[in-house]
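Q: Could you take me through this structure feature by feature, giving the general idea first and then the case at hand?

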Amino acid sequence: MKELKILTVCGVGMGSSQFLKMQIDDIVKKNGIEGITTECGDVITCVATSCDVIFTQPQLVESIQSKVNVPIVTITNYTNKKMVEEALMNFLDALK
Amino acid sequence: MGIVKKEYIQTNQIATDWQDAIRKAGQPLVDAGAIKGSYVENMINVVKELGPYIVIAPHIAVAHARPNGDVLRDELSVLLLDNEVNFNCSNDPVKVIICMASVDDDQHMELLKKLATLLDEETCKKMLLCTNAEELYRVLGYA
């Protein structure tokens, strides 16, 4: 698989986006998935950050979707690892 | 030792709305001199500007803002409400507000790592069932 960069996004770029990044990093490590890098950012700078996909809260989609041209995956519950894992796996499967 | 000091855990509180809830959750940190009042208002402004994305799980909000010289110490505070407040999002109604304050990015990462490890489904459920600060402290400290 080619290198894939996931950007997690929240309002200030250091709270919930960082939280979600950690969850994704954990899942990537646990499943031994290779070629994934993650970074977090805020709703303003994410527009200028190059990435292949954005993971964020549904509430933030409106603020960013018109400004970016990568897919946006939304996650309602950041504490639910299974939910985060499913979202990630579904996205990766769709790329195959 | 838990990641939240016992004196920063509040339970059996009532909030009139989500803004009141964030203010109440941040108050112990203001009283202790860990943050200034402006940081609390900034946590509210983040939601006003960008929407209720801080409600990262059902019934649980993690309030935070970009530190602007108004965070003096890295601390977390937790408020468990007796009533519920709405942020107008799919994870409503909210009962737990966690305030996160950190002076710089490095400390912030450490705090977040601990929080992310701690806040799994099981702990979140347990938190919501607590009836006093002692119980909540134990859930957060030994989960």
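This is a predicted model: local features need pLDDT of at least 70, side-chain atom pairs count only at pLDDT 80 or more; totals for chains, interfaces and linings use all residues.

Q: Is Ala87(A) buried, partly exposed or exposed?

A: The assignment rests on a count of neighbours, where 20 or more other C-beta atoms within 10 Å make a residue buried and 12 or fewer make it exposed. Ala87(A) has 17 C-beta neighbours inside 10 Å and therefore counts as partly exposed.

Q: Which residues does Ala87(A) touch, once those up to four places away in sequence are not counted?

A: With that exclusion, Ala87(A) touches Val73(A) and Ile75(A).

Q: How do H1(A) and H3(A) pack, and at what angle?

A: The axes of H1(A) and H3(A) lie 10 Å apart, and the helices pack at an angle of about 70 degrees. Angles of 65 to 115 degrees count as roughly perpendicular, and H1(A) and H3(A) are therefore described in that way, as roughly perpendicular to each other. On the H1(A) side the contact involves Gln23(A), Ile24(A) and Ile27(A), which meet Lys81(A), Val84(A), Glu85(A) and Leu88(A) of H3(A). By class, the residues of this contact between H1(A) and H3(A) are four nonpolar, one polar and two charged.

Q: How should I read the sheet of chain A, and in what order do its strands stand?

A: In general, the strands of a sheet pair through backbone hydrogen bonds, in either a parallel or an antiparallel sense. In chain A, four strands make an open sheet with parallel pairing, and their order is E2-E1-E3-E4. The edges are taken by strand E2 (36-42) and strand E4 (72-74) of chain A, each of which pairs on one side only. From one strand to the next, the twist averages 25 degrees. As one instance of the pairing, strand E1 (residues 4-10) and strand E3 (residues 53-56) of chain A are joined in the parallel sense over four bridges, and within this pair Ile6(A) stands opposite Val53(A) of E3(A).

Q: What is the strand order in the sheet of chain B, and which strands are at its edges?

A: The sheet of chain B is likewise described as an open sheet of four strands, here in the order E1-E3-E4-E2 and with mixed pairing. Strand E1 (9-13) and strand E2 (60-63) of chain B each have a single partner strand, so one side of each lacks a neighbour in the sheet. The twist from one strand to the next averages 15 degrees.

Q: What are the partners of E2(B), and which of its residues are buried?

A: E2(B) pairs with strand E4 (residues 94-101) of chain B in the parallel sense, over four bridges. Along this pair, Ile60(B) stands opposite Val96(B), and Ala63(B) has Cys99(B) as its bridge partner.

Q: At what angle do H1(B) and H2(B) pack?

A: Helix H1 (residues 18-31) and helix H2 (residues 37-50) of chain B pack at about 150 degrees, with their axes 9 Å apart. Angles over 145 degrees count as roughly antiparallel, and H1(B) and H2(B) are therefore placed in that class. Their crossing is right-handed. Among the residues that make the contact are Ile22(B) and Val30(B) of H1(B), together with Val40(B) and Ile44(B) of H2(B).

Q: How many residues of chain B are in contact with chain A, and which elements contribute?

A: In chain B, 28 residues are in contact with 22 residues of chain A. The elements of chain B that give two or more residues to this side are H2, helix H3 (105-118) and helix H4 (121-129), and H3(B) supplies the largest share, seven residues. By class, the side of chain B that touches chain A has 18 nonpolar, five polar and five charged residues.

Q: How do H1(A) and H3(B) cross?

A: The axes of helix H1 (residues 16-30) of chain A and H3(B) come within 10 Å and cross at roughly 60 degrees, and the two helices are therefore oblique to each other. The crossing of H1(A) and H3(B) is right-handed. Its contact includes Phe19(A) and Met22(A) of H1(A), along with Met109(B) and Leu112(B) of H3(B).

Technical notes
Residues are numbered from 1 along each chain as its sequence is written. Chains are lettered from A and ligands numbered from 1 in the order in which they are written. Two strands pair if DSSP finds at least two bridges between them. Axes are lines fitted to C-alpha atoms, for helices over the stretch in contact, and angles run from 0 to 180 degrees between N-to-C directions. Angles under 35 degrees count as roughly parallel, over 145 as roughly antiparallel, 65 to 115 as roughly perpendicular and the rest as oblique. A crossing is left-handed if the near helix is turned anticlockwise from the far one by less than a right angle, and right-handed if clockwise. Two residues are in contact if their C-beta atoms, placed from the backbone, lie within 7 Å. Ala, Val, Leu, Ile, Met, Phe, Trp, Tyr, Cys and Pro count as nonpolar, Asp, Glu, Lys and Arg as charged, and the others, Gly among them, as polar.
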